[in-house]
Every structure is written in structure tokens, then in C-alpha cells.
Amino acid sequence: MLLSEQDQFLSYNGEVLVFQLSNPKPAEEADDKTINLRVRRMVFNRDTKVFVQNSSGVFSMCASHSKIEIICCSCTTDSRTGIILPCIFMKKKRKNNIKYFLLLLHSSNQFEPSFYFKLDYELKEDIRLFAGPSVLWRHANRLFYISSSTCVVQSAPVQLSSVVWTGEIVGEGTVVLGIRTACLPETEDVDGFSVSDRAIWGTEFFGYTIQTQKMVTGTCFMPHAYSRVVSSVYICKSERLKKQLRVSLVAITHKNQLIWFQNGVPKGVCELPYEKPCSVKPAVTRSSDLLFVVSFASGNCCVVQRRDSLQVASKWQKVKCVLVDDFIGSGSEQLLLLFKDDSNTDVLSTFKITDLGEVNYASGISFKHDVPAAEGLQENGLLTVRALEKRLQAGWTSVRELQQHLELQKRVILESCRALIDLVEERTHILPTAKEVKCRRWAGLVSLWDDVENPPHSLSKETSLTFKVPEHFTEELWQRVVDDSLVVGVKLTESFYLSLRDVSLSLVMDQDFSSISPIIKCQSKIIKLNKAFSALAVSSNQIEPPPKKIKLDLHSKNDLKKEFPKRSSRIQLDGGKTVVAVTSLSPLLAFHRVCCVVLLHARKQTHQNDSLQQSKKISVLCGKILLSLEDLSNGRYSVKMLRDNSYCTGSVEDMLAVLAASVRFSFQIVSSDCTLTAVSSWLLGEMECTPFKECQDNIFCHKAGNVYGTIFNWTLKNPFEGVLTIFCRNLTVLFQCLHSLTRDLPPSCSVKLLRSGSKGVLTEQLALALEKEMLTLKNSLFLKETEAENSLTWGNESSKKINNAPLASLLDTEEGVQQFRKKLQKEREESVRSMNQTMNGALYHKIALKVAEAQLSSDMIVCKLS
């Protein structure tokens, strides 16, 4: 059977329905002219791989002095029975008027006229068929519709420029989604963002319900900014949660894009391979992949796959029609592509059936060589693929369970952090009850104790037994901002610090953040500023560098008084210890204003009679710090370093902040034939350095450029050897400093990188560590209470004592020989017992731990020296 341009194709229950209008014979009279609407039901035969006719039907119409055309066809719901039936919308045009009518096709191939109506204009724009059956169209920017229940044309009280979708939405009935000119309210409503969006773009999305004749907010579908480019929409899913409409949809645009929207927010976009997309429809294949079939005005077609992201899976050209249904009876949907073929005009002559996977049938392929073995091999391949799909689904289930377990661990950590903050702030931490668990969405996290009103007494009792912190243990809590680092410092009293070891700081955000961890990742450092006198010459009137061969008497007090300006006694430091924490600043600024609790972690040392030290972990609240973008913009916590009479006027906190945020490098400089006065000249001249008033060992670089802010420490061991320590921001600054230094040093000088300070300092540290290790071993072997704790048995001390007679007199008689034998045997037994001493397990564990800590300290220093 030949096809014409007006023939329509429709898929229904796995069949392909072909609707054709028969042309009247020229010999027939005009008054008796009849046109037949024929339908052919075509099914796909998997054996022959071709479409065959299953059944057919005919509907005759009188076409006297008129022209009949098929406008469109679709499958819609019959409101009388609730059954989905094929519908054909047709036009009968005469000279004076135009008549439109709708036909229903039943399973018996009988056509049933549903309704008809007449108009004085021709329908051309946005014609849609929906449940009822009903017809909707747009004319002169007005919306009209008619249904089989009323058979009367009705007009919707809305002005619109286009209709992008018509269908059913849960709780709303039939909804028309369209685009219109923005109608801005006089007063600001709840949807403030939508008002501003509409004012900018001048157009807006809107939804109109046919049954209730109400408007639906367009922003639940997509933002109004897309109203200028979207041409067609398909709504994949709609539901109502807490009286709020939630919609997921895909839309095609005039910019050749397909966009995925979830609850009004774009979630993905895909560039389409052809221009002028006109329609989009979904398909669910065997592997549960959601495909979107996009048709173009040029006759091309493409399929977009949605997995992790939207991407074009396949594309075809010269496509006449694309249908989606289960054509092979596999239980899932496939795509049927009908191609344009001028050489063959038979029904379904050139086609392709595919699901972009294992199903792939095409016309024009010879199947003469197919054998049963090949069919069995294909069936085995299908079974293998299905088994692999099941394994993949099981693996995905395991991944989801692992994600839930990780979320539960995160909640436990967050609750533990809150408990720690309450503990150090001496607040009672109340564990969540069963009701609070449900309300706070802490699924799977319950208390290990019974839910009681009062907290357990054991917890408060244990808290009272912890180490008592002195009332004034901190002298100062400060914070500074250095580049992209936040430096928090705590200055401890000398008496409190001497009783601690393994001291560190941690920062905990005081806000209740449920999505992130309140613990801030930071690095702790301990800095002690001593009273050492600087060996670097600083003079206000010294501009030119001194000669290289000047002899320096470093032990001469008179020369020191002449070389250095007079120092005030008030700048001498008291040797207090400062503990600092350095963390990245930019993540904290994301919260605009953040409050952090500063916690001090350490081990409290106690001395016992056996001179062994016991330690207990403690956590002490040092205070809170506030950080905001406003304070940062005002420079409240910035480091201020200025020159004042050859000194740097920065405070101790500023200097400590720069030292903590910088990277430390030490270099040993040795000169064989001349003194190292060039280093001092380089620091004062080329680098424009000035010493700190509070600590003149360290000097600050004021030279403009990247090296600004670098801190140097120059120590001379003798006139020909010294150690230069550089505190710089990064390696680039370090290389610039070294490059500048090597240009001023004599060629005979050698510069060597020290791993951790000077060799002499490390040697002294190693000697102290070895001495501590020897004392630990000695004290461990000679404990005063060893006899009380050990289970030693030294024999019966009340046994009969042997007379200390001369050995010769004992051996003269037989009785003396027996006494000597008993004495010798007793001494032998005591010697054996002394070699088999036992020790209490707890005491042995304590001694072994002490010895291991001492050995570890000395081993680390040896590693630095090597």
C-alpha cells in the first residue's frame, strides 16, 4: 500500500497504527464523492524481522464540495471508561466554514465520532489532544479548548504567546504550561525572586488548570529567565509534598539545548547536534535507562541519555517519524525510527528498532544465514547481561549502605564534638532522646544510656576528679591574619607551662552546623622568645656597608656598646611560652561571621617518689575568638610592621603571627678566608631590615616586593661561621633571598641547608636526651618499692644461721663438712631465686613506656643530625 504525505503513524500497545486517507476517483460525481479513512494495525515479526498487517478498518466520510485532512493523532483517555484509545483529529474545510471533528478507534477497528465543532478560522498554532478526549489550541494569543463532555468551545481567561506542554499533574488535573507577557503585581508578594525575574525578562511561565480554572506558579517548573528560549517541555514526574508541588522535567530550547530541571532548578544541560528542535518524548529501556528522544524540524533525530549527566547517545538523519513502544514484546520500550526512502513507498519499508543496547533490528538486512546455534548464543548473551545487571544493582545497594554508614559516623563525630565543648565549658551535655532523634533526623543514632531526666552522677564525679586548672593560667589570647592564614595564639604562665608536655591548640566552631564538622583543621606550634642579645650590628647612621676585613671582637662589651644602640630595660621578655594555631582563613570567611572555641590540649606531669613521671591528658578552655568579614575589611587583625628609628615597631603578637605562618629554613654559612660581615651588610642594606624592639634577635625585611615581611635571624658562632634562619611565606621568596645573598657573599663562602637548626644546638639537645634516657633506665632498675610490688620469694629468713667459723675448722670434722654443704646449697638456691625475679605487669608497662619515650626523643634528634 502506497503512502502519501498526509498519512499518520501512531503506536498503541506494541502495534503501529497507520492512518491513510483514500483519494476519490476522478470519474465519480462531485455530489457523491466519498473519502475513506483506513487504519492498518502493523506488528513486528521477530522471525522474519519485518512488519506484517494484523488487522484493518475503514471509516467513510462524505466529501462533497469539501476537503478533508488529518490534523494530528494521539492516544488519550476516554472519560467514560477510563481506557486509553487512539484519537484522530480531522478537519473538513468548505468555502464558508471549517468543521473539526474527533474520532475514537476501538479494538474492533470501529471508528466512533466523539464530537465536532465549527469555526470561522483555521487552527494552526499549538494544537493538543488530552484526556476526555479534549482538544486545545491557541489563537490570537488566547487559549481555547473543547471536550467530549460539554461539546462547547470554551475560552480561558489568560493571554499567552505559546503552549509548551499539556498533561496531567497530581492533585491538579489537566494543566496547560505556557508562556505569557509578565504580569507584575502592584505589591511585592511571597515569590519575590519571581517578581524580579519577570521584571527583567518581561515574560513568565504559568500553569493553568482546565478543571478548576486556577493558576499554578510557574517557578515550580523552571525559572522565568528560560521563558525566552524554551520551545517544548516534557514533565517526567510530579508530586505533592507538604502542599508543595515538586516537578522534574526536561525542556528543549531555541539555543539547541536540552535542559533537565528539578523542582525549578536546572540540574543538567546537553548540547543538541542539530538545529531547530521541535519535540521531546521519553523512553524507558530494558536496562532502566531513561532516554529522551528529540525530533528536529529538518527531519533529523537524536537520543539523549540521562545517567550521571546528560549526553547524546545516538543520532540519525532523514527520519520520517519516531515512535516509542514495546514493539518486540520484551516488557520494555524501544525506539522505532521510520526513515524517508524515495525509492520504496511501501508501508514501514525502511525502519530501525533499537533500545541503544542489545535490541537492534533494521530493515534491509539478510537473515538467511541465521542458525539455531546463533539464536542460542544470543539468548546466552542476554542471560549474561541480565546477570551482570543484577550484580551491578547489588553493588549499588552496597554503596548506598556504605554511604548511610559514613553519614552515621559523621553524626556520631558531630555529637561527640558538642559533648566535648559542653564538657570544657562546664555545661551539662544532654544526650538526644528517642523523640529528639526523630525530630532532628538523627536516624540510627541513639543514646547508649537510658533516657533519664538527670545526668548520670558518675559523669559529674569523673569530671571533678580531673586536673584542676589554675585560675590564671593564660596571660593573653590573641588572633592575627597573615595573608590567607588565621593565627591564634595563647600565652601561658610560666608555672602552668612547666607542668605540661605535648601542648597543642585546637579550634572548634561554636555554631551548630549539621552539615560540616565543627573541628577546624589547624597546625600547632610552640614559640619561646628568649632574652639573647643580637650579634647583628644596627646603627641609625650606618648607611654604607663596612669593609669585609673588619675584625670583630664578639666578647668585647665596649665594642658592643658602640655598635648597638642603647636598649630599654622594659623590652626584656620574661620567657613565657606562647602556643599558636595556624589554619586556613578562606573556608572560615564563607560563614561571614564565625565564633571559635580555643581549646588547649596537653599532658599534665606529676612526680612520684620513684622519680617516675605520670601524665594525664587534659583539655582546657582558653576562651573564644570572633571573626567576621567586617573586622577583616577594617584591618582589625592585620599585622602592622612600621619603622621607627631603625627599629620595627610591630608588637610581639604580630611577630609571633608572622613566624607561625611562615616556613622556617636554616642555613650554615662558612667562610674560609674572610669574616662574614657581608651578611650583616646585606641584611641592613640590600634587604632593608630592622630589628624588633621587643626581640632584637629577629629582624624584619621592609624591602618592597615579594620579600617584604620576611623575618631573618643571624647568629655568629665565630667571625667565620654563622647560622642564618629565614622565615618566609613560600619557596619563591626563599629562592629570591638566597639569590640576593649569594651575590653579596665572597666566592669562598659555602651555604649549607640545616635540617633543624644549627649543629651545635642539636648536639646539646642530643646530650640532654641521652642523659634523660640514662636516668630513666637507672630509676627503673632501682625502684624503692620493687620488693613490695614484686612477687619475690627469698626463702626462709628465720632458718638456722651457720656459724661463721674458719673454713679450715669446718672441714676438720664431719659435722663441719655437713654445715658447709648446707650453707653452700642455701646460697645457690638464693642465687637462683634472685635471677628469677618477677615484676607486676602494670609496673613493667609503665617502665617500658617511659624508656621507649626517652629513646624515641634521642632517636629523633640523631635523625636530624644525620
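## Helix H10

Seven of the ten residues of helix H10 (residues 677–686) are buried, so the rest of the structure largely encloses this helix. Buried means under 20% relative accessible area, with a 1.4 Å probe and protein chains only. Helices (H or I, at least four residues) and strands (E, at least two) are DSSP runs, numbered from the N terminus.

The buried residues of H10 are Thr-677, Ala-678, Val-679, Ser-680, Ser-681, Trp-682 and Leu-683. Among the elements that cover them are strand S37 (663–670), strand S40 (711–718) and helix H11 (731–744); contact here means heavy atoms within 4.5 Å. After H10 comes Glu-688, with a positive phi near 55 degrees.

## About the model

This is a predicted model, in which local features need pLDDT of at least 70 and side-chain atom pairs count only at pLDDT 80 or more, while totals for chains, interfaces and linings use all residues. Residues are numbered from 1 along each chain as its sequence is written, and side-chain values use heavy atoms, leaving out hydrogens and water.

## Nonpolar cores

The largest nonpolar core has 29 residues, and Leu-486, Leu-492, Leu-500, Val-598 and Leu-600 have the most contacts inside it. Elements giving two or more residues to this core include strand S30 (485–492), helix H5 (494–498) and strand S35 (593–607). A second, separate core of 26 residues includes Cys-689, Ile-699, Trp-714 and Cys-749. A nonpolar core is a set of buried Ala, Val, Leu, Ile, Met, Phe, Trp, Tyr and Cys residues joined through side-chain atoms within 4.5 Å.

## Arg-40

Arg-40 lies in strand S3 (residues 34–45) and is buried, with a relative accessible area of 13%. Its C-alpha atom is separated by 9.6 Å from that of Glu-15, 25 residues apart along the chain.

Notes:
Buried means under 20% relative accessible area, exposed over 50%, partly exposed in between (1.4 Å probe, protein chains only).
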